[in-house]
Amino acid sequence: MKVGNRKNLVLYAVFALINSALLGLVNVKFGAMTDYALSKDFDLMFNTGVLVLGISVGSLVVVWFQNRFIKGYVKESMISLRETYVNRLFKRHRMNDASSQYVSHLTNDADRLEQQYYLSIISMISLLGTVIVSLVILVQVSIILVGVVALLALIFYFMARKTSQPVKKEEKVKSKELETYTRFIEETLEGFSVIKGHQIEDRREDEFNQLIDALRKRQYKLEKKMSIVDCFNSIVQGIIIALLVVLGLYTAQSSGLTIGSTMVLILVFSDILWPLQRVTPLITEMSAIHSVFEDYEHVLNDTVVNGSGAVSEFHGLQFIDASLGYDEAILKDVNLSIMPHEKVLVVGPSGAGKSTVLKTIQRDIDVIDGSVTLNKKTIDTYDLNDYYKLFSVVDQIGFAFSGTIQENVSMLQDTDVEAILKQVGLDHLNNDFILKNNGDNVSGGERARILLARTLYFNKEVVVCDEILSSLDASVAKKIERDILENAKTLINVSHIVFVDNLPLYDKFIIVENGCLSVTDNPQLVIDRMLESDVVIN
């Protein structure tokens with residue numbers, strides 16, 4: 001990811017070196033032409049001039065290839081950067097809630113890397129080729145000068161690395177501000193109807209302008225620091241280079257070089273000094289923007305412990321003296337078993353910890369104390385991909401992709417879904433009907449049934465539902481709950497809505513309240529507790 005597309009980079013480096021060699025040869029031949037002219041050997045001067053012309057034409061051809069490889073390198077590097085990022089993102093076992101951070105990485109930060117990193121690598125290679133060829137020519141004059149130039153290159157490099165640290169900090173801050181900006185744009189687009197409905201457009205626009213102003217100030221501050229660093233480096237470099245020029249001229253005079261050779265020496269010095277001056281800001285820029293790669297690594301690094309055990313069947317899930325929660329326990333001393341083909345309803349007031357139980361089962365959060373076992377082995381001993389194959393999770397929001405109903409139910413598989421659609425009461429919809437905007441072009445009940453159809457299509461061992469009935473019309477919600485109860489192998493349903501007629505279809509009930517979890521098979525106890533908690537009962 002950091003190097004970019006190696007094939008095009010190597011090809012560019014080869015052609016860049018060839019071009020530098022051709023230009024270096026032109027410099028040498030110009031010196032020879034000068035000596036031929038002074039000695040009035042016009043035939044040799046003319047022949048050398050023709051050779052210089054031929055070399056120049058060859059250089060243009062090489063430059064054409066260079067430009068092609070530059071375009072290929074940048075294009076392939078950016079594709080690889082984004083592909084690698086997305087690939088590692090999908091390999092994570094857990095996703096944090098900062099989706100705007102991922103978007104910002106793949107857009108704003110990726111664009112900055114293209115301009116400030118990958119194109120800088122190209123420039124560095126070009127400068128390096130020029131310096132190498134110039135040193136080869138210079139070594140013919142004085143090995144001491146070559147040593148001096150090498151020493152200067154090291155000095156400039158360490159100067160650049162040292163002075164880039166303040167700029168690097170600014171680049172990190174800029175990445176965070178770009179992430180905030182991206183999050184604001186996402187929220188504005190997703191909440192457009194809410195913004196219009198509550199007439200807060202002006203306030204939202206003011207916030208947008210404030211974010212833009214903050215980014216503008218950050219960019220100004222970044223450019224100011226870059227200018228200060230460049231100015232400091234340029235002053236130091238100017239002093240050193242002036243001394244080097246004096247040394248070069250002294251060497252030319254003391255060595256008794258011809259005028260043509262002296263001209264070549266001047267041209268070679270020019271080809272060395274210009275890259276040395278240019279390389280410092282390039283290193284500063286690359287070192288500063290390198291913080292983006294560090295941020296990528298921090299975000300994509302998955303610290304979740306993944307076991308290696310295989311599992312293909314569900315023989316029971318058990319909580320044994322478990323404490324569940326995030327940084328602190330929300331539920332303590334949880335003892336619970338869910339066996340194959342059981343239908344379990346989890347109820348309790350909002351914030352009591354119902355979803356915490358599900359997140360633990362889904363391995364989104366770890367057990368704080370005690371243990372949770374699957375088939376009598378702790379769940380963290382299983383490979384996550386294998387573990388997830390047992391569970392089909394349907395949450396309150398769900399997600400419908402832009403595509404046909406067939407594609408959404410089967411997740412792009414070829415098997416026909418008509419029987420499943422009929423099973424959930426959607427046989428009136430055409431399989432080729434295209435869902436748009438997360439299923440916004442169908443009713444809420446139809447959308448919920450499409451997600452239910454997807455769950456039933458994959459026929460997994462355990463169906464886990466998290467508040468899927470809350471946003472639906474009561475009659476629709478009641479029918480969907482019954483469909484799930486009748487079709488799921490094993491069901492764990494978290495809900496704050498209870499339909500009395502459906503309660504007999506459950507095998508057990510889990511009541512979560514006051515930091516505790518209790519298990520009962522008595523529907524009336526559930527009704528009584530739900531009434532006490534002011535939870536909706538239908």
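Two strands are taken to pair if DSSP finds at least two bridges between them. Helices (H or I, at least four residues) and strands (E, at least two) are DSSP runs, numbered from the N terminus. The model is predicted, so that local features need pLDDT of at least 70 and side-chain atom pairs count only at pLDDT 80 or more, whereas totals for chains, interfaces and linings use all residues. Residue numbers start from 1 along each chain as its sequence is written, and side-chain values use heavy atoms, with hydrogens and water left out.

Phe 319 has Leu 336, in strand 2, as its bridge partner. Strand 1 (residues 317-325) is joined to strand 2 by six bridges in the antiparallel sense. An open sheet is formed by four strands in the order 2-1-4-5, with antiparallel pairing. Its edges are strand 2 (329-338) and strand 5 (377-378), each of which pairs on one side only. Helix 9 (residues 354-361) packs on this sheet and touches strand 1, strand 2 and strand 4 (369-374), contact being defined as heavy atoms within 4.5 Å. The direction of helix 9 makes about 120° with that of strand 1; axes are lines fitted to C-alpha atoms, for helices over the stretch in contact, and angles run from 0 to 180 degrees between N-to-C directions.

A further antiparallel pairing, over five bridges, involves strand 11 (residues 508-513) and strand 12 (residues 516-520). Phe 509 has Thr 520 of strand 12 as its bridge partner. Two residues lie between the strands of this hairpin, in which Asn 514 takes a positive phi near 55°.

Ala 21 belongs to helix 1 (residues 6-38).
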